[in-house]
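Here is a short report on a ligand site and the elements around it. Look over the sequence and structure first, then read on.

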Amino acid sequence: MLAKAGVDLHLELHGTRLRAGLTGALREAVRSGRLAPGTRLPATRALAEDLGIARSTVTECYEELVAEGWLNARRGSGTRVADRVQPRRPKPADDPAPRPQHDLEPGAAGYADFPRAPWLASAKRAVGAAPHTAFGYGDPLGRIELRTALSEYLNRVRGVYADPAHLVITSGVHHGLGIAARALRTEGIDTIAVEAFGLDIYRAVLHDENVDIPPLMVDTRGARVSDLGDMVEAGAALLTPAHQFPTGYALAPERRAHVLEWARRTGGVVLEDDYDGEFRYDRRPIGALQGLDPDHVVYFGTASKSIAPALRLAWMVVPERLLPAVAHAKGRVDTVSILDQLTLSDFIRTGAFDRHVRARRLVYRRRRDELAAAVAGRTTGVRLVGMAAGLQAVVSLPAGTEARVLGAASRHGLAVAGLSEFLHPAADPEWPSHDAIVVNFASISDSAWPRAVAALRGILP
Ligand SMILES: Cc1ncc(COP(=O)(O)O)c(C=O)c1O
C-alpha cells in the first residue's frame, strides 16, 4: 500500500526480484490510471519502510521509471506521475466513441490529399539510386542529401539562412522541441516563455524536459513579446511568428524587431515554429524571423502541414553556438528513417514538393473563402478572424457561447475545437474572454467538404 503521501494504492510484490517487481507494479499502476498524472509518490525512505525493502531498491526503481517517462522528478517537489502518460482506461462496452461525420478538428485523424503517386515515384527513385551506405544506421543529425535540399528550399521559400551543417532532421516539431529544450538546459536555460494560446502537447514536451513555461499574452498583433523583459528568468521564447497557432495573427513588425533585440541583448533564444509558413492566401508569406538573425533563432519546420503528418519528418535549423549541445541532446541512435529522408530529398529536388504546395494552396484558399462566406451575415460577433493563411481558421463567437456551439457541433457529427482548449493553464484569468472555434479546413476530401461546411452553417448562432 502507498499510504504515506496520501496515495492509497495496493502494490503486489512477489518473489525475490523486488526491484523488477516494484518497477512493474508502479508502471502498471500509472498505465492503468490507478495513479493519476501529477500524483506525488511517497519519498523513497517512506516507501521502503512501508514495503520492508531497501531504500536503494526504491530509488533505483524511481530512477528507471523517470528515465522511461512514467514519472518526473523535480528538485523540491518530489517524484510525480508524468503528465503526458495517458491512462489506459477500459471503455464502457455500450459507449463506442462515435467517429464524427465531419472531422474539422486541428490534427484531424485523416488526411485526404496525400500526393501518393509523386511520393511513390520519389521513393522508387530514391531507394533505387541510394548507395549501399544509405542502408546503415546513418547520421542522427540527418542525411546530407535532405539537409542540402532543405537548405536551398528554406532559403528560397522562407528566407531562412540554413547551411546544411546547421540543419537537423527530426520526426516532428515536437521531437525537435524536446531536443532543443534538453540542449538549452545544458546551456543554463530552463525557462522558455510560450504563447498563451498553443498546443498543450508542446507545453507537455517542455514540461517533461523540466522546463518552466510562463505564458506570453497573445493579441491581434501576435505574442506580446515586450513582456519578455519582465520575465527575467526566461532565456528563450517559443513563438509561431508567421501565423500564431491557433489564433491566426502574424507577429507584428515591431514585435518581430523587439524579440530579436531582446535575444541579442540578453543572449536569449527564439524558438520559431514555422509550421505552416508556405500557406498564405492574400499575399506573399512573411519570411521567417530566422533569416534576420540566424545566431539567435532556432527554426522549426515540418512536413506535417505541407505534405502529411504521417511522414513524421521535420527539421530544425540551429545557430552555430547551440550545435554541439543539440547534437549531444539528439544522441547517437535517434535517427529518422533514412529511406524517407532520401524520398523527401528527391521530392524537393525534383520540384514535386513545390507543385504539391502550389496545388494545395489553391484548394485551401478556395476553402477558406467558402468558410468566410458560410460565416458571413450571422449574429453579431460571429466572424472569421486572423489572417488568410494556414490550414485552420478561427470563427469568433459571441461571448459565453463557445461551449453551447461545441455541444451543437457534437450533436451534428461535426468535430471542431474550442479556442479555450488551447489556453495555457497559467494564463491570466483577467484576460478578455475569447469565445471561438478553430476549424481545420484542409484535412478532409473535396467531396466531403461541402457537407461539412453546411453542417457548420447549421450550428453557428
Ligand atoms: C503549432 C504547430 N506546430 C507544429 C506542428 C507540427 O507538428 P509535428 O511536426 O510534430 O507534426 C503543428 C501540427 O499540428 C502545429 O499545430
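Strands β11 (residues 297–302) and β12 run antiparallel to each other and pair over 4 bridges. Two strands count as paired if DSSP finds at least two bridges between them. Helices (H or I, at least four residues) and strands (E, at least two) are DSSP runs, numbered from the N terminus. Within this pairing, Thr302 has Ala314 of β12 as its bridge partner.

This is a predicted model, in which local features need pLDDT of at least 70, side-chain atom pairs count only at pLDDT 80 or more, and totals for chains, interfaces and linings use all residues. Residues are numbered from 1 along each chain as its sequence is written, and side-chain values use heavy atoms, with hydrogens and water left out.

Strand β12 (residues 314–317) has another partner. Strand β4 (residues 167–170) pairs with β12 in the antiparallel sense, again over 4 bridges. Here Leu167 has Val317 as its bridge partner in β12. In a regular strand, side chains alternate between the two faces of the sheet. Both faces of β12 are covered: Ala314 and Met316 are buried on one side, Trp315 and Val317 on the other. Buried means under 20% relative accessible area, exposed over 50%, and partly exposed in between (1.4 Å probe, protein chains only).

Now to the ligand. The residues around the ligand include Gly172, Val173, Leu199, Thr302, Lys305 and Arg312. Helices α6 (173–186) and α9 (303–306) each supply at least two residues of the shell.

The table lists polar contacts, meaning pairs of N or O atoms within 3.5 Å.

| Residue | Atom on the residue | Distance to a ligand oxygen atom |
|---|---|---|
| Val173 | polar backbone atom | 2.8 Å |
| Thr302 | side-chain N or O atom | 2.7 Å |
| Lys305 | polar side-chain atom | 3.3 Å |

The protein covers 87% of the 400 Å² of accessible area that the ligand has on its own. Accessible areas come from the Shrake-Rupley method with a 1.4 Å probe.

How is α6 placed, mostly covered or mostly open? It is mostly covered, with 10 of its 14 residues buried. Among them are Val173, His175, Leu177, Ile179 and Leu184. From its first C-alpha to its last, α6 reaches 20 Å, close to the 20 Å expected at 1.5 Å a residue. That expected span is 1.5 Å times one less than the number of residues. Just after α6, Gly188 takes a positive phi of about 90°.

How values were computed: A residue is near a molecule or strand if one of its heavy atoms lies within 4 Å of it. A polar contact is a pair of N or O atoms within 3.5 Å; within protein, one must be able to donate a hydrogen and the other to accept it, and residues adjacent in sequence count only if both atoms are side-chain atoms.
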